[in-house]
Amino acid sequence: MKCRFLLAAALAASVALPASAIDLEVTHWWTSGGEAAAVAEFAKAFNAGGDNWVDGAIAGSGGVARPIIISRIIGGEPMGATQLNHGRQAEELIEAGLMADLTELAEKEGWKDIVNPISLLDACTVDGKIYCVPVNIHSWQWIWLSHAAYAKAGVDVPTNWDEFTASAPALRKADIVPLAMGQQSWQTSGAFGVLTVALAGPDIWLKVVKDKDVDTVMGPEYTAVFEAFGDARKLSDGANVQDWNQATNLVITGQAGAQIMGDWAQGEFQVAGQKAGVDYTCLPGLGVNKIISTGGDAFYFPVNEDPEITAAQLRMASQLISKEVQVAFNLKKGSLPIRGDVDLSTANDCMKQGLEILAAGNVLPDGNQHLSQDTSTQLEDLMVEFWNDKSITAAEVQKNYAAIIADAD
Amino acid sequence: MTATDVNTGSVEPSGTKPKKIFSSRNIMLYGVLTVAAFYYLVPLYVMVMTSVKGMPEIRIGNIFSPPLEVTFQPWVKAWSEACTGLNCDGLQRGFWNSVWITVPSTLISILIASVNGYALANWKFKGANVFFTILIFGAFIPYQVMIYPIVIILREMGLYTKLAGLVMVHTIFGMPILTLLFRNYFISLPEELFKAARIDGAGFWGIFLKVMVPMSLPIFVVAMILQITGIWNDFLFGVIYTKPANYPMTVQLNNIVNSVQGIKEYNVNMAATMLTAIVPLVVYFVSGKLFVRGIAAGAVKG
Amino acid sequence: MEKTSRPSQLFRNMSAKIASIPMVLTALVIFVGCTVWSFIYSFTGSKLLPKKLFQWEEFAAIPIPTWIDKDGELNFSIVTGIVSKSWVGLKQYDRLWSNTRWITSLENLALYAGFALVFSLVVGFILAAFMDQKIRFENTFRTIFLYPYAMSAIVTGLVWQWILNPTFGIEKIVKGWGFTDFEFAPLQNPDLVMFGILFAGIWQGTGFIMALMLAGLRGIDEDIWKASRIDGIPMWKTYIRVVIPMMRPVFVTTLVLITAGILKVYDLVVAQTGGGPGLASQVPAMYVYTYLFGAQNLGQGLAASTMMLLSVLVILIPWTIIEFGGKEQR
């Protein structure tokens, strides 16, 4: 029985796939529940094309996974494809000629016309050549609020940051942690960015991140942000979690009032079966400045000598950007699709808000596009220290922040 | 102290003989030892208990209470179902990877180191001591200094991310302590044996295989214990020099425990932790005194 | 040794030389070669990839007298400036020492090392002394004290993470006894996190120290005990006045071993806290790893690793001099 089945399978395989079924190892750091469900959509589409998606998930966060991914590529033993945040993370790998050039495919399929906003494709472009496929738009600029927590505290769900800070004492009284914050450095640093964009405005933020203007860091707008961030520190006392999705889980279960986190948190609410507007509220730009940043994930394809693998890489690249896969993936991931011509009528309340803001063009580039990994790491270290060590004053951090920006390349 | 008295195990307690069983001295003695033993045993106890409880029981009960209802589901899940990303085949892949890393690494490193030790003890050539000294110093160099250039070396050899590359790394970093171990042991053997074999006309390999190896089985066992536990427990090299498909069990364990989908399943995590600890623990309990001798001989210079 | 003292020819002892090739290669290529490589590149501005060491940049053209031709005329060669733009001098070290994360890492390590050394030496010695009293069940006790040493640091870290978990672990139990204000969450508290890691580190390592100490105690001559008993000296005095001084080499060796081991602390922290909360439990090894692979600043990572090496040498060199000073190493 088993024998025959194997034989049949072998026959079928040899007929259906004339030496084209390729195992392609794909590394990524999507390991939370919502993320894993989303990446499964990629795998499904790729396998349906007759190839084989070999999953190389690396747990932790980008900070844990990126070193492993990068050392694989520079170690001359590259994977078939890998997730990275586009922007400057892969800069040197591209310059060293380690990443496959996708320009030909991009021109054939007219990526320039379908990718929206086009800045996403620009982030993949080095010297006029395209090296990555943007797969989604992720925006950091959100705060997620738990209805259950506010019901318990007996206050209305806030509609902006100021109302939120005002509601904190009531939450505390109800034994609820006002602000859930994971203790990994990228989370605090990201939250700081969100607060800056909301309180100081996008132009001021860009001046620092893009133009590396030290005077702006020391200016009054930033001073206010540093102080607000310093004040927010005590709101997360008692959260005691490391991972972002554990922090999100606190919001989902009503143990925490809110979390500042990118829209990938959406996937967690979805997996938990919660509905936007009913069980939780999301506020873009902290309800102050309705704007979204257009960071996101992209797939890179390390250069390969085997023409069959290269062909499979191109097949995957083409699929990742296709309409169906974009819809299926982004609905699960909670992110926005990178093309404006897809139907997302099934999207929930929060995603629709995001899509409207995107359509209105209220977008910001992502910090990753302007800061090198070296600089980001230093800023992350600084902010996480600030967040966790309450003896550090806002003024001290401001000075150190300015020093890092002054040194940035 | 010399390596010899550790190696040959000719050890006798040296304290004064106890007189009465219930003297205050004895009460203090056994009291302290028992309290200490308690501290050492608690984590193992907690680990085992947690791993056979269901999640609801973990949430209400406390970590020290024995399970009301014993379930082996967490063990099954940890072994064959726990997920990292889309890979939901549990720890078993890591287990077999670790086997395929540990077995050849142990054998090759012992083979090379025993021959090295033998050459250093009985066939010293000019300059041999220089290399030996470098080797011993090498044992103290923080790995962080060497990990990056080794990436380059492995890449040039085409071994990066392959199991063979990791085997090589383990062989290299096991060499200082094993060479020292074997050299000290071979030096401690009576030289007459070696001379007699020389007179009989035996050569380098002949003496090694026919005289030295048969006489030093205990030290080979000690070396094996040292290597099996050391290599099985390695994390740093595993994470740097392999890829997810080849991850050893420790790395996969850390991945599974730290990739949370929804709620953390502490019972599965503890079962996974136990599973990873089992191999070295079995080696330890089976080898008993030899393990002590191994680490003591490896650590204390001759 | 006798065999080697004869005049050596290249082909004498050939088998031994061939057999030693792996050792020679390891010593030269890995321990010397890789260390030198890392040291050199720590002076470069290498980011994600090692920069070419000699990327000449023309900075000047200096005429240098080179040779005198047969007419007796002096010829000049124009040497274009040989400065390589890959080199940044001590810049990486400057940055390292002004980086709070690195400083925190060092402070953490110093704290950890200090406590771990004292605790494991004292506890290890006391346990060994107790074990050396011709007690019953010696094997059982030894088995219990030493089994954690067989477990990996990852396993150790995860178990202790679980026990110290405030929601389920010790804190919950004590609260359950009625002390509702009791707080014990060392791994979540930046001020206490290193002690949380110490709990685990000491649990794993003391058994090993105990075994070393016990081996040392067993090496002490029985006559010493007899003599002190005859003289009526109390046992604790004998330990302090006679035995401990006699065991100096064992202590020194143990000290060096623990210290060298502590400098490498990495796995334990990765498993227990991942370096958090915030940066509170960062250690140097983690800093090196982050910069080598994650932060894409190779030069910075290598500078940090060179500092680690330096601190090992600071311990190792005096030890070598004390232990082997004067006499030839066996």
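Helices here are DSSP runs of H or I with at least four residues, strands are runs of E with at least two, and both are numbered from the N terminus. This is a predicted model, in which local features need pLDDT of at least 70 and side-chain atom pairs count only at pLDDT 80 or more, while totals for chains, interfaces and linings use all residues. Residues are numbered from 1 along each chain as its sequence is written, and chains are lettered from A and ligands numbered from 1 in the order in which they are written.

The span 268-286 is one of those that UniProt, in an unreviewed entry, lists for chain B as "transmembrane region"; the others are 27-48, 99-121, 128-151, 163-182 and 203-226. Such UniProt positions are given in the numbering used here, with shortened feature names, and the annotations may be inferred rather than shown by experiment. For residues 203-226 of chain B, the end C-alpha atoms lie 30 Å apart, and the span is 92% helix and 0% strand.

Chain B splits into domain 1 (17-71) and domain 2 (92-299), with bounds that come from an automatic or database domain assignment. The C-alpha centres of these two domains of chain B are 33 Å apart. Where they touch, 8 residues of domain 1 of chain B are in contact with 7 residues of domain 2 of chain B; contact here takes C-beta atoms, placed from the backbone, that lie within 7 Å. On the domain 1 side, helix 2 (24-51) and helix 3 (55-60) of chain B each supply at least two residues, and helix 2 of chain B gives the most, with 4 residues. That side of domain 1 of chain B has 4 nonpolar, 3 polar and 1 charged residues. In this sorting, Ala, Val, Leu, Ile, Met, Phe, Trp, Tyr, Cys and Pro count as nonpolar, Asp, Glu, Lys and Arg as charged, and the others, Gly among them, as polar.

Next comes helix packing. Two packed helices are described by the angle between their axes and the distance between the axes. Axes are lines fitted to C-alpha atoms, for helices over the stretch in contact, and the angles run from 0 to 180 degrees between N-to-C directions. In chain B, helix 5 (residues 92-122) packs against helix 13 (residues 249-258) at about 160 degrees, with the axes 8 Å apart. Helix 5 and helix 13 of chain B are therefore roughly antiparallel: under 35 degrees counts as roughly parallel, over 145 as roughly antiparallel, 65 to 115 as roughly perpendicular and the rest as oblique. The two helices of chain B pass in a right-handed crossing, a label used if the near helix is turned clockwise from the far one by less than a right angle, with left-handed for anticlockwise. Arg93(B), Gly94(B), Phe95(B), Asn97(B) and Ser98(B) of helix 5 meet Met249(B), Gln252(B) and Leu253(B) of helix 13, a group of 3 nonpolar, 4 polar and 1 charged residues.

A second pair sits in chain C, where the axes of helix 7 (residues 153-163) and helix 9 (residues 193-218) come within 9 Å and cross at roughly 130 degrees. That makes helix 7 of chain C oblique to helix 9 of chain C. The crossing of this pair in chain C is right-handed too. Ala153(C), Thr156(C), Gly157(C) and Trp160(C) of helix 7 make the contact with Phe199(C), Ala200(C), Trp203(C) and Gln204(C) of helix 9; by class there are 5 nonpolar, 3 polar and no charged residues.

Chain C itself is divided into domain 1 (2-41), domain 2 (52-85) and domain 3 (91-324). Between domain 1 and domain 3 of chain C, the C-alpha centres lie 34 Å apart, and 4 residues of domain 1 of chain C touch 6 residues of domain 3 of chain C.

As for the chains together, the contact between chains C and B takes 88 residues from chain C and 82 residues from chain B. Helix 3 (residues 21-41) of chain C brings the largest share of the chain C side, 12 residues, and that side divides into 58 nonpolar, 18 polar and 12 charged. Chain B also meets chain A, with 20 residues of chain B in contact with 24 residues of chain A. The largest share of the chain B side, 3 residues, comes from helix 7 of chain B.

How values were computed. Contact = placed C-beta atoms within 7 Å.
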